[in-house]
Every structure is written in structure tokens, then in C-alpha cells.
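Subject: Handover of a protein structure

Dear colleague,

Please find the structure below, together with its sequence. I would be grateful if you kept both in view while reading the notes.

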Amino acid sequence: MGSNCSKSDPDYDALEKERQKKPRPPEMKKPPDNEPIAIKIQAWWRGALVRRTLLHAVLRASIIQRWWRQTIAKLLEKRRRAALLCHALQAQAAVKLQSWVRMWRIHLRYCRLLHAARIIQIYWRCHSCHTRGFFHGSYELTASQLELELEIFLGSQICRITDCIPFPIKN
């Protein structure tokens, strides 16, 4: 079968007839019952793609939510610690102020008692000169009380005064 044949050549006609005699392969047509199956497969694939996209979106959203919740929890913990520290500092300042006030009040009472003891000593010293008697006394100051011991001699009479004055100290 020559490829150098022209249309006027007798072999050309024979080749042409032979070619026409050969059956053509049938065109591929889809059978009508396969179309619904293909549509179902396509719908399933599209659904799988949509579900995969939604799954990725949900995972990203959950990661963002988890991060946000952790950030909020850290912020609340920081605020709680700051409030606790502020409360502790205020309580410590109140306790210190109360101790200072108590110390000041005890100091004032001590000063008043000391002043009273000095006045009594001066009075009796002066009085012993006039009456030819004399005054002898002592005091002991401890952390919780003042102990006074006075002896007054007036001629043949002796007067002894012993007293313990407690300080108002809270334990």
C-alpha cells in the first residue's frame, strides 16, 4: 500500500474501497443507567471536599479558642494575684498601725504613772521634812505591770502601801 498513490491511480480506488469496507469502531457512549451513579459519585466527592474544608475550619477555630481561653485564664490569674497582694499589703499595714497605736497608748499610760510616782515622791519628801518623818519607796517596772512599794514613817506610825498596776497589753 503505497503512500505515493494519486487519485488517478487505479490502486487508489481499490485502497479507498477497502478503507470504506472496514467497520469504524463505535463511539463510546455512556449507557443511560451509569449516569445516576456518576452523579452520586460526584456528589459524594463534593461533600467530602466540603466536609474536609469545614473540618479544617473547625480545627483552626478550636485552636484560636483554646489560645484565647488560655490568655483570659492567665489574665484572670494575674488580676487575682494582684488583688491578693494588695489585700495582704493592706492587712499588714493595718496590723502595723494597730501595734503602733497600742504602743503609743501604753507609753502614754507609763508616762502618766511615772509622773504620778514622781509627784507622790516630791510630796512625801516635802511632807517628811515638816513632820520629822520620812518616806521610803521603790518601784519595779516590768513589761506587763508596775509594782509600787511605799513605806511612810511618821514618828511612831508606819504606813506601807504595796500596789501592782497592770498594763493593758493584748496577747
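The notes below go from the whole protein to single residues.

The model is predicted, so local features need pLDDT of at least 70 and side-chain atom pairs count only at pLDDT 80 or more, while totals for chains, interfaces and linings use all residues. Residues are numbered from 1 along each chain as its sequence is written, and side-chain values use heavy atoms, with hydrogens and water left out.

Overall picture

The protein has two helices and three strands. Helices (H or I, at least four residues) and strands (E, at least two) are DSSP runs, numbered from the N terminus. In order from the N terminus, the elements run α-α-β-β-β.

Of the 171 residues in the protein, 9% are buried. Buried stands for under 20% relative accessible area, exposed for over 50%, and partly exposed for values in between (1.4 Å probe, protein chains only). The accessible surface comes to about 15800 Å², and carbon and sulfur atoms hold 61% of it. Such areas come from the Shrake-Rupley method with a 1.4 Å probe; for residues, only the protein chains shown count as cover.

A contact means heavy atoms within 4.5 Å. Among contacts between residues at least 6 apart in sequence, 24% join residues at least 24 apart.

Strand β3

Isoleucine 161 lies in strand β3, which covers residues 157-166. Its relative accessible area is 37%, so isoleucine 161 is partly exposed. Leaving aside residues up to four places away in sequence, isoleucine 161 touches Leu148, Glu149, Leu150 and Ile152.

Cysteine 164 and leucine 146 are 18 residues apart along the chain, and their C-alpha atoms are separated by 5.6 Å.

Cysteine 86 counts as partly exposed because its relative accessibility is 40%. How many disulfides does a search of the whole structure find? The search finds zero, where a disulfide is a pair of cysteine sulfur atoms within 2.5 Å.

Yours sincerely
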